Amino acid sequence: MAQKKLFQPYDLGPLHLSNRTVMAPLTRSRATSDGVPKDIHVEYYRQRVGAGLIISEATNITVEGRGYAWTPGIFSDEQVTAWKKVTDAVHEEGGKIVLQLWHVGRISHPDLQPGGQAPVAPSAVKPEGKAFTEAGFKDHETPRALEEAELPRVVADYVKATRNARAAGFDGVEVHSANGYLLDQFLRDGTNTRTDRYGGSIENRMRFPLEVLDAVIAAWDKEHVGVRISPVTVMGGSSESDQQTLFNAYVEELNKRKPLYLHVIEGQTGGDRDKDGFDYRALRERFDGPYMGNNGYDAKLAIEQVESGEVDLACFGKLFISNPDLVTRLEIGAPLNDWNKDTFYGGDEKGYTDYPSLTAEERARYAQAA
Ligand code: PHB
C-alpha cells in the first residue's frame with residue numbers, strides 16, 4: 001500500500017517537515033511562577049518530535065499577557081535560555097518547532113497581572129467564567145480598555161517576543177489570533193465596542209491584529225510567521241454578530257501578507273467538530289498558502305482530508321498529550337493511550353512525560369499486522 005500523504009514529507013515555506021502532522025499548541029501549566037520552562041519541558045517536547053511540526057504551548061509575550069498560572073513566557077532572558085534547551089532537543093531529533101505568541105487580554109485576573117492591576121482589553125467588557133490563578137479559580141473581573149496611545153507599546157511587546165523566540169532557536173512563531181484572547185477580542189463586536197479607529201467597522205476591528213501581524217513579520221519575515229484563528233469559538237462569552245463576513249475579510253487581509261500558514265480551528269476549540277453554519281472552504285479559497293486544519297482530527301479524518309487536499313497539514317492536540325509517539329501509532333494502526341484530563345493542567349511529570357511510547361517489539365508487531 002502506498003504511504004499516505006499525511007506521513008510523507010512536506011515543505012512548509014523554508015521548513016522541511018518529515019510529515020504533515022502537527023502537534024497543536026497545548027497549555028499544560030507546568031512552568032515556574034516566573035514563566036520559565038523546566039527540564040520536564042525539554043523531555044516532553046523531545047518525546048513528541050515525531051510530529052512534522054510542533055507548535056509550542058501558548059506563551060506569554062509579557063506578564064500583562066498572562067492569564068493562567070504557570071504558563072511560560074518569552075519576555076525574560078531566563079525564559080529564552082530555558083526555551084533554547086527545548087528547541088535544541090527538538091532539533092537534535094530532527095524536528096521543527098514554532099512558538100505561539102500569546103496575549104490573553106481580558107481572560108486574566110489581577111492576581112496574574114503586574115502589580116495586581118486590572119487586565120487590559122479592547123473595551124471594558126467583563127468575561128464570563130473564571131481565571132486559573134495560583135490560588136485556584138477566581139471570577140474574571142472587568143478589564144481596563146487600552147488607550148489608543150498604548151497600542152504601539154503592545155505591538156512592541158509582540159516584536160520583542162518574536163526576537164526572543166528567534167534567539168531561543170525556534171523555527172518560527174505563530175500569532176495567536178483565536179479563542180477569545182486579545183487579538184480575537186479586537187476582531188469581535190461583542191468584545192470590541194471602541195469608537196476610535198480600532199472599533200466599529202470590520203476594517204477598524206481588524207486594524208490592531210493586522211498591525212501586530214505586520215510588526216511580527218517585519219521583526220522576522222513572512223516565511224517564519226503563521227497565524228491561528230477560530231471563527232466560531234466563543235470562549236469567555238466573546239461574541240460576534242457576523243462571523244462569516246468578519247473572517248472572510250480577515251483571511252483576505254491575512255492572505256495579502258503571505259504568512260507561513262493559516263491555522264484554522266474548525267468548530268468549538270477542543271470540543272465539538274460541528275462545522276455546520278460556517279463555510280470553512282470560503283476561508284481556504286481566500287488563502288493561497290498552506291492551510292492547517294485543527295479540531296477533532298483522528299487518523300481517518302486526517303488521512304482523508306490531506307489526501308483530498310482539503311487541508312495541507314492536520315493538527316492533533318489531546319492525542320499528542322497521551323501518545324508521545326502518536327505519528328508512528330497512526331501510521332501502523334497501533335492502539336492509542338487514553339488521556340487523563342486530571343493532569344492536563346499543572347503538576348509535574350505525572351500525566352506529562354510519563355505516557356508510554358510503544359516498545360520496539362510492539363512497534364514491529366503492529367507494523368507487521370498493518
Ligand atoms: C486553555 O488553557 O484552555 C487554552 C489556552 C489557549 C488556547 C485555548 C485554550 O488557545
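Colleague: Which residues are around the ligand?

Modeller: Bear in mind that this is a predicted model. The residues around the ligand are Thr 27, Tyr 68, Trp 102, His 176, Asn 179, Tyr 181, Arg 228, Met 235 and Tyr 345.

Colleague: And how does that shell divide into nonpolar, polar and charged?

Modeller: There are 5 nonpolar residues in the shell, along with 3 polar and 1 charged.

Colleague: What lies 2.6 Å from an oxygen atom of the ligand?

Modeller: That's a polar side-chain atom of Asn 179. His 176 has a side-chain N or O atom 2.7 Å from a ligand oxygen, and for Tyr 345 a polar side-chain atom sits 3.1 Å from an oxygen of the ligand.

Colleague: How much of the ligand's accessible area does the protein cover?

Modeller: On its own the ligand has 280 Å² of accessible area, and the protein covers 83% of that.

Colleague: Which lining residues are closest to its centre?

Modeller: Leu 26, Thr 269, Gly 270, Lys 318 and Tyr 345, out of 39 residues that line the largest pocket. You've met Tyr 345 already, as one of the residues around the ligand.

Colleague: Which elements give two or more residues to the lining?

Modeller: Strand 5 (97-102), strand 7 (130-133), strand 14 (313-316) and helix 9 (318-322). Helix 9 gives the largest share, with 3 residues.

Colleague: Last one: what's the make-up of that lining by class?

Modeller: The lining of the largest pocket has 20 nonpolar residues, 13 polar ones and 6 charged ones.

Terms used:
Residues are numbered from 1 along each chain as its sequence is written. This is a predicted model: local features need pLDDT of at least 70, side-chain atom pairs count only at pLDDT 80 or more; totals for chains, interfaces and linings use all residues. Side-chain values use heavy atoms; hydrogens and water are left out. A residue is near a molecule or strand if one of its heavy atoms lies within 4 Å of it. A polar contact is a pair of N or O atoms within 3.5 Å; within protein, one must be able to donate a hydrogen and the other to accept it, and residues adjacent in sequence count only if both atoms are side-chain atoms. Accessible areas come from the Shrake-Rupley method with a 1.4 Å probe; for residues, only the protein chains shown count as cover. Ala, Val, Leu, Ile, Met, Phe, Trp, Tyr, Cys and Pro count as nonpolar, Asp, Glu, Lys and Arg as charged, and the others, Gly among them, as polar. On a 1 Å grid over the protein atoms alone, a cavity is a set of points where a 1.4 Å probe fits but cannot get out, and a pocket is an open set with protein on both sides within 12 Å along at least five of seven lines; lining residues have an atom within 4 Å of a point. Helices (H or I, at least four residues) and strands (E, at least two) are DSSP runs, numbered from the N terminus.
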